[in-house]
Each structure stands twice: as C-alpha cells, then as structure tokens.
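Me: Could you walk me through how to read this structure?

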Number of protein chains: 2
Amino acid sequence: MSNTPYTELLTRAKEAWLLGTVSSILHWDQETQMPPNGAGHRANQQALVARLAHERATDPRIGDLLASCESSRDMADPEGDQATNVREIRRAYSRAIKLPSALVEEMARVSVLAHQAWAEARKSSDFAHFSPWLAKVLKIKQEEAACVGYKDNPYDALLDEYEPDETSANLVKVFESLRAPLVELVGRIASTGRRAPTEILERPAPIAAQQEFGCMAARAIGFDFNAGRMDVSVHPFCTDIGPGDVRITTRYDEKAFGDSLFSVLHESGHAMYEQGFLPEHAGTPLGQAISLGIHESQSRMWENLVGRSRAFWTHYFPTARQFFPSLADVSFDDFYRAINATEPGYIRVDADEATYNLHVLLRFEIEQALLNKDLSIADLPGAWNEKMQKYLGVTPPDDARGCLQDVHWSGGAFGYFATYTLGNLYACQFFDQAKHDIPTLETSFAAGDFAPLLKWLRTNIHQHGRRFSAGRLVKKVTGSALSSAPLLTHLRRKALEVYGV
Amino acid sequence: MSNTPYTELLTRAKEAWLLGTVSSILHWDQETQMPPNGAGHRANQQALVARLAHERATDPRIGDLLASCESSRDMADPEGDQATNVREIRRAYSRAIKLPSALVEEMARVSVLAHQAWAEARKSSDFAHFSPWLAKVLKIKQEEAACVGYKDNPYDALLDEYEPDETSANLVKVFESLRAPLVELVGRIASTGRRAPTEILERPAPIAAQQEFGCMAARAIGFDFNAGRMDVSVHPFCTDIGPGDVRITTRYDEKAFGDSLFSVLHESGHAMYEQGFLPEHAGTPLGQAISLGIHESQSRMWENLVGRSRAFWTHYFPTARQFFPSLADVSFDDFYRAINATEPGYIRVDADEATYNLHVLLRFEIEQALLNKDLSIADLPGAWNEKMQKYLGVTPPDDARGCLQDVHWSGGAFGYFATYTLGNLYACQFFDQAKHDIPTLETSFAAGDFAPLLKWLRTNIHQHGRRFSAGRLVKKVTGSALSSAPLLTHLRRKALEVYGV
C-alpha cells in the first residue's frame with residue numbers, strides 16, 4: 001500500500017494505541033501481580049507512558065493528515081471503513097489537543113498512588129486515608145472538563161470519553177424514566193414479606209472448585225483462553241492487552257460462590273466483545289469498542305440475561321451440585337429464586353438486577369454534585385449514606401461498604417458509572433432482538449450451547465467496532481432507539497416468577 | 001537543584017532507564033503470564049518500547065551534556081558519584097549511537113518471536129523449528145558486533161554489553177586455567193566408582209510444600225517479598241522491574257525438589273543484589289549492576305557456597321524432613337553428599353558446581369564459532385553433542401537436552417554465558433573474604449541467621465552500583481585480582497568430603 005495520508009494516519013493511530021496497550025499491561029500487573037513497594041515506580045512508569053502516548057496523540061502532523069483525509073473522496077460513505085476511522089481519530093485528536101501534557105501525566109501518576117491509597121482505605125474503612133487523594137483526582141478531572149469544554153455541565157466533558165455523543169441531560173431523562181418504576185418494583189417486592197432462599201448461596205464452596213467451575217463456564221460461553229487468562233484482583237475487571245491477549249479477573253469468597261461466578265460471566269462478556277473485533281482492524285477505531293455502554297451491554301447480557309436464566313441452569317445446575325456438594329439438597333427452583341432475588345444491599349457489584357440501577361443513579365448524582373462543587377469531599381460519606389437510605393432503604397454500616405466500595409474514582413473514572421445502566425438497557429434491547437432472530441436461542445442454552453448467541457453478537461455488534469455510534473447501533477440492530485421498556489419488562493417478569501408480584 | 005548539565009544528564013538517563021523497566025515488565029509478563037496468542041502483539045509492544053528507548057539513549061543532546069560534564073571540575077575523583085555516572089552514561093551512549101534504530105527494533109521484535117519458537121521447539125525437541133529463528137538472531141548479533149566494532153573477535157563487541165572491560169582473549173586464558181584441573185577433578189571422582197546417593201533428591205516432594213519451603217528460604221536469606229514476588233516460568237530468572245519491585249521465578253518438578261530450591265536461592269541472590277542498590281541512585285549507573293559476572297557471583301554464592309553448605313543444612317535439614325516426609329529415613333550425611341554430588345549430566349542449570357563450568361566452556365566456544373562463521377547453524381546440534389562427549393563424557397539423547405536447553409540465544413544473549421563462570425570465580429573470592437572478615441559467618445548460618453553475610457555484601461558490593469569495574473571491585477574487596485584458585489580449592493575440598501578423593 002502506498003503511503004497515502006490515510007495509511008500514514010493509521011500507522012500513527014496504531015502506534016498511539018500500541019503505547020496505550022503498554023499502559024494496559026502495567027495496569028493489569030498493578031492490580032494482580034505488583035508487590036506493595038512497587039507502586040511508586042509504577043506511577044513513574046505510567047506517567048512516562050501516558051506522556052509519550054499523549055505526545056503522539058497530539059502531534060500536529062495528525063491534524064494535517066486528518067484534514068487531508070477529510071477532503072478525500074474515499075469519505076463518501078460516512079459509515080465506510082475510512083470515514084469511520086477518520087471520524088473517530090478526529091474525535092480522539094480533538095479531545096487530546098485540548099489537554100495539556102502535564103495534566104495527562106499528572107493524572108497517570110496520581111491515579112496509581114490514589115488507587116493504592118483507596119485499596120488501603122477500603123481495607124480499613126478509613127475514608128480520611130483516601131479523601132486527600134480523591135481531592136487531587138477530582139481537581140484534575142475538573143481541570144480536564146474545563147480544558148475539554150462543555151455546554152451545561154462539566155460532567156458531559158468527562159462522560160464523552162466513555163459514551164461518545166451522550167449527554168447528562170439525556171441521561172437524566174432516561175434515568176428518571178427508570179427510577180420511579182424501579183423504586184415501585186423494589187418496594188412492591190419488599191411489601192410481600194417473601195424472601196428468596198439466598199442463604200443457599202452462602203453455603204461453603206471450596207475456592208478451587210469455584211475457580212474450575214468459573215473457567216469451565218467462561219470457556220463454554222466462548223471466552224478463548226488461548227487469547228486470554230483469568231486472575232484474582234480486589235475488584236474484578238477486564239483488560240484488553242491487544243489482539244490475542246484479553247484478560248479477566250475475579251475474586252473468591254468461600255461463602256459467596258455466586259459473587260465469583262457472575263463476575264466471571266460478566267467479565268467474559270466484556271472480553272468476548274474485545275475478542276470479537278476483526279484482526280485486520282487491530283489498533284484502529286474499527287477494531288475498538290464504540291462505547292462503555294455497549295461494552296457493558298455485553299457483560300450484563302452474559303451475566304444476567306444468560307447467566308441467571310432458567311435455560312442456563314437447566315444445563316449447569318447438575319454440574320454445580322457436583323462441584324459444590326453443599327448444594328446437594330437444594331432444589332432447582334430454590335436455586336433459581338436465590339440467584340434472582342431482589343434484596344437491597346450495600347454493595348453495587350453484589351446488587352441484583354433491579355436494585356443495581358439505583359446504585360448507579362446514586363453515583364451519577366453524587367459525581368455531578370462533586371464536579372459542580374455542590375458537594376464537598378468531607379460531606380461525601382454522609383451524602384452517600386443518605387441517598388442509600390432514600391433509594392434502597394439501607395444505610396451502610398461503614399465507608400468500606402459505602403463510598404469506598406468502588407475502584408473507579410481512584411483511577412479518575414468520573415462520568416463512568418452511568419454507562420453501567422446504559423449497558424443494562426442496551427443488553428435487554430439486544431437480547432430481545434436475538435431471541436426474536438433465533439427462536440431456539442434458549443433451547444440451545446439448556447443444552448450448554450452458547451455459540452448461536454455469540455455468533456449473533458459477533459455479526460450484529462462486535463465486528464462493527466466503532467463504525468456506528470451506540471445510539472445508531474441499537475437502532476440498526478433492534479429497530480428502536482434506547483428505551484427502558486425492555487429492562488422494566490424483564491425485571492417485572494422476574495419479580496412475578498420469584499416473588500409472585 | 002539547579003538544572004546543570006549533570007542534573008539534566010541524569011534526568012535523561014533516568015527516563016531511558018524507566019523505559020527499559022517498562023520493557024522488563026513486558027518481558028516478565030511474557031515469561032510468566034501471557035497467553036499463547038499474545039506473542040505477536042507483545043513483539044510489537046517490545047519493538048516500540050525498544051525504539052523509543054533507543055531514540056532517547058542516542059539523543060545528540062546526551063552527547064553534548066556528556067561533553068560538558070566531562071570537562072567539569074566535579075569529575076576530579078574518578079570514582080566519585082558524578083564521575084561514575086558520567087563515565088557509565090558515556091559508555092552506554094557510545095555503544096547506543098553505533099546501533100541503527102532499525103536493528104535495535106528488529107532485535108526486540110525477533111527476540112519475542114524467536115523465544116516463542118524456542119519454547120515450542122524445546123517442548124518437542126525439534127531443532128528445525130527453532131533454527132530459522134536462531135539464524136535471524138545470529139545475523140542481527142553479527143550486524144550488532146560489526147556496528148559496535150571490535151579488535152580481534154566479534155564476540156568482544158557482544159561480551160562488552162554484559163561484562164564491561166572484559167575480553168575474549170582474557171577469558172580464554174582464565175578458562176584454560178580452569179579446564180584441565182576441572183576435567184582432571186571430574187575424572188578423578190569418576191574413577192573412584194563411588195556415587196553420592198542422589199536418588200534421595202528424586203523422592204516425591206509435593207509442589208505446594210516445595211513452594212512454601214522455597215519462599216521460607218528466600219525470605220530467610222533476605223529476599224524482601226514486599227519489594228518482589230516469586231512465580232513459575234520455564235527457565236528460572238530474576239527481573240528488576242524497578243525500586244521496590246524485583247521478581248524471581250522458579251519451576252517445580254515433584255521428583256526434583258532440589259531443582260526448584262537451588263533455583264530459588266540462586267535467583268534470590270540476584271534479586272538481593274538489585275534490592276541492595278541505594279534508593280537515591282535509582283535509575284542512574286550508581287544504582288545499577290556493574291556486570292553480569294558480579295551479578296552471578298551473588299546468585300552462585302547463595303545457591304552454592306551458602307545453600308549447599310553443612311552450616312545451611314544444619315539449620316534447615318530438620319525442617320526439610322518436616323516439609324518432605326519422604327526424607328524421613330535420610331541421614332544428614334547422605335543428604336549433604338547428595339546435594340554436593342559431582343555427576344556429569346546434560347543440563348547446565350541442573351549441573352553440579354564442578355561440571356557446571358564445563359557446560360559454560362562448551363557454550364563459550366560454540367558461540368564464538370557461530371559468530372565467526374566457523375560453525376553453521378545446521379551443524380550446531382552435532383558440534384554441541386561432540387563437545388558434551390569430550391568434556392563431560394555424555395551425549396544428549398535429544399536436542400531438548402542438548403542445544404535447545406537454554407533460553408539465552410532466542411533472546412539474543414550472545415556473549416552472556418561466559419559471565420556464569422566469571423560469577424563462580426568471583427563468588428569464591430568474595431566468600432573467602434567474607435569468612436575472613438566475619439569468623440562467625442558459618443556459625444550464624446547454622447542458627448538460620450544470614451543477615452551478617454547480606455550486610456557484608458550490601459556494604460562491600462551492592463551499595464557501590466557501577467562505581468568500580470568488576471576487576472577493580474574484586475581487587476578492592478579481596479586484595480586479589482580475578483583468580484581460579486579459590487574455586488578450585490573449594491571444589492577439591494568438596495570432592496574430598498563427598499568422594500574421599
């Protein structure tokens with residue numbers, strides 16, 4: 001291929017991406033392998049890589065190449081390969097050149113140290129140990145929002161990094177359409193006085209067996225262990241190191257095997273999205289995720305819509321009883337009700353499908369208040385606990401189970417939480433369509449065959465990379481715009497099954 | 001501190017070093033964690049980091065800064081801080097500017113892929129699978145030697161990277177002074193017809209117990225697990241990720257617990273050298289190893305002079321019998337003789353103290369023949385086996401136990417093996433001096449206390465970083481130049497103890 005402006009642009013984009021993947025391995029190692037005393041040096045490594053990546057991402061030559069490409073005839077189809085790559089490289093470039101190199105480097109350095117302070121603070125439930133670091137992170141993110149610019153709300157400038165083309169105004173509207181029905185549903189379930197037998201899930205399950213069961217399930221749904229691995233970390237996550245190397249983590253508690261298993265299904269969902277990009281697009285926008293909302297739709301689909309389904313457990317319950325002898329006297333129905341219980345709790349990642357979104361709403365509101373300086377960091381634990389009481393009817397007994405529970409803020413991920421609920425919404429919309437397109441879908445699950453769903457996702461979602469915006473993709477695949485109706489229908493059906501209301 | 005040429009030089013040297021440590025984590029991950037399909041991407045990552053590091057290492061600004069520093073009055077003491085750093089940065093710069101960037105990048109890329117081919121070839125003992133990659137590596141190393149330049153032997157250009165100021169002519173002389181006495185000693189032992197009861201070491205030892213015992217021993221001799229970790233890899237190694245993060249690996253075989261344990265002691269010795277540099281010199285030559293020979297003197301001292309001593313096992317043998325019940329009926333004397341057996345074998349890393357150096361001699365000679373084109377790659381397996389027969393009296397039954405056994409060449413480490421024997425020589429010289437300086441040294445080992453030796457090493461060797469050349473250091477610490485006498489004395493004493501000859 002001759003060295004056209006477009007090919008040179010791609011070469012440069014791939015180099016910036018390659019540096020980003022170096023940062024990913026440093027991060028993965030930090031979370032899963034690094035000894036405690038290595039944090040200071042790791043912060044310096046990350047800061048250097050971030051600075052180098054930023055230098056590359058903001059090279060004025062990229063601006064020149066973009067301008068050449070944008071006036072080319074090959075851009076005629078706005079969703080063609082070249083137009084997609086040019087549009088998305090332009091998006092990243094426009095954002096990057098607004099950010100001073102020093103700010104980017106500072107965020108990379110602070111995030112490593114803030115993360116370590118968070119992990120220590122969480123362990124001892126000591127908010128004061130984390131709050132000075134949260135203040136540093138928040139200040140950097142406020143500066144970042146000011147540099148990027150926004151119309152109404154600094155939140156939008158940060159959200160845009162994770163969910164391109166989305167706005168807080170639209171999110172407020174969507175989330176409002178969810179909140180009242182969710183609070184009503186959760187309240188209705190509570191008023192029955194009925195409980196699902198969740199104590200089943202606290203029976204001892206040896207960690208080695210959990211690990212083996214998790215690997216088996218991940219492999220069965222389609223996670224490729226030749227192109228990935230599974231480890232242990234404080235907070236489960238998925239990291240795309242690059243083509244052929246996508247890694248997931250989970251955590252183990254002998255008395256909560258569901259916690260680990262559903263994490264594995266969740267992170268496998270993320271990983272299979274990354275493993276589903278076309279190799280020829282590696283390092284270019286066509287080989288990358290369009291948004292975190294779409295990313296999360298993949299994880300939540302496998303975790304909840306597949307992993308908590310009757311069909312999935314029709315196949316796996318007998319095996320689970322072999323792996324975990326403590327389940328020997330448990331009936332299928334009780335097990336199914338237990339994994340589909342709705343019970344307000346303190347921890348987002350442990351939350352059921354219905355209450356989960358209320359956890360997200362709380363964070364969405366608090367983040368905006370922090371960014372807009374309507375809430376001080378000193379008042380954060382109080383505000384958190386107050387909202388927990390209001391939305392979920394519970395008050396965390398300590399900050400470890402309150403505002404210190406999530407890793408995100410320590411790494412600077414403000415504007416991120418909202419994408420979790422977007423993921424839940426998209427997941428239900430996509431899954432309804434997949435069931436419509438493949439009438440035998442759930443029959444295949446019951447036979448332990450998940451290939452039809454993965455193939456559908458590969459075809460309809462994964463292979464497109466960033467070709468279509470999230471909004472355009474959901475419209476294209478399902479025929480409908482983003483809607484809360486499928487999620488609410490799904491949750492109401494579960495409530496009827498489990499609680500009879 | 002004002003921005004003098006010297007401070008700017010150090011800032012730049014630290015940045016190049018920091019990039020090098022990023023490469024180290026990529027390498028460590030490749031050896032211990034990376035899934036098989038990740039190798040292609042890893043090669044691209046390493047190539048990029050190598051190119052960036054090389055760009056920094058060869059920036060003409062470094063040449064200007066070096067010139068300014070070299071004419072400064074602060075250089076008066078040739079072994080002062082500034083003179084040391086400037087001298088060693090000059091050494092690295094002079095080498096780096098001779099190497100074309102494309103060659104450096106190519107070596108980084110090829111080494112990842114060649115390493116993977118080597119690991120596969122070794123598994124199936126298929127030399128043909130590795131030989132095209134070895135040819136690529138050799139060609140690059142020949143080009144590298146030509147670029148660096150040399151007087152008599154291309155080997156010198158490569159050796160200089162690992163053992164500064166050393167020459168192949170001098171090595172030939174030193175190695176000659178070892179070969180005849182070693183061959184004589186090994187032959188004399190064989191002629192007794194006596195055998196040490198080495199089958200003791202093949203008794204089953206559960207891997208979990210080996211792991212625990214190894215960790216305990218590493219911690220006891222002084223490896224700091226808060227600033228490091230221990231993992232599993234095909235070939236044991238030590239990687240310095242940076243201050244606070246030095247990692248070692250080992251491997252486990254249920255029927256060869258000594259293989260793992262002595263690896264752990266060996267790699268811990270390397271790691272403690274790295275952990276012993278002064279934090280204020282991090283990233284500068286004063287905080288780095290002077291040579292691989294000195295590095296190896298640390299690992300071999302802990303592995304052999306400490307780890308195979310009567311004193312060490314006086315403390316640990318009762319514990320070993322608790323960890324490994326299969327040793328219950330073994331006497332201390334039989335165990336001591338078993339771990340100090342002299343038995344020619346195929347594998348260098350399994351070799352005893354006496355035969356080990358003959359394995360090194362063989363590689364030293366073959367490397368020179370390959371580099372000088374006196375030996376073709378096709379003829380390598382034959383030449384290897386012939387020399388094995390000549391020096392050790394055994395012929396490897398396959399290439400996995402012959403010329404495919406070592407990782408080094410796949411990563412481009414030509415000129416490296418010689419430093420192993422240098423390490424054995426230096427180790428004995430240093431250890432004799434330590435025993436002289438601390439008469440109670442071995443009594444403390446017998447009580448499980450290794451702190452006196454580590455303190456002696458910290459003071460006499462570790463803290464100096466690159467202040468003194470290897471030759472100067474051994475003279476300074478022991479009063480003698482490099483000599484084969486202490487090693488030969490040590491080996492003869494062991495032969496007398498174990499075989500009565």
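We'll take the chain contact, then a sheet.

Reply: This is a predicted model, where local features need pLDDT of at least 70, side-chain atom pairs count only at pLDDT 80 or more, and totals for chains, interfaces and linings use all residues. Residues are numbered from 1 along each chain as its sequence is written, while chains are lettered from A and ligands numbered from 1 in the order in which they are written.

Me: At what angle do H2(A) and H1(B) cross?
Reply: Axes are lines fitted to C-alpha atoms, for helices over the stretch in contact, and angles run from 0 to 180 degrees between N-to-C directions. These two axes come within 10 Å and cross at roughly 100°. H2(A) and H1(B) are therefore roughly perpendicular (65 to 115 degrees). A:Leu48 is among the H2(A) residues there, and B:Leu18 among those of H1(B).

Me: What is the strand order in the open sheet of chain B?
Reply: Strands of a sheet pair through backbone hydrogen bonds, either parallel or antiparallel. Two strands pair if DSSP finds at least two bridges between them. The order in chain B is E1-E3-E2, with mixed pairing. E2(B) and E3(B) run antiparallel, joined by 4 bridges.

Terms used:
Parallel < 35°, antiparallel > 145°, perpendicular 65-115°, else oblique. Contact = placed C-beta atoms within 7 Å.
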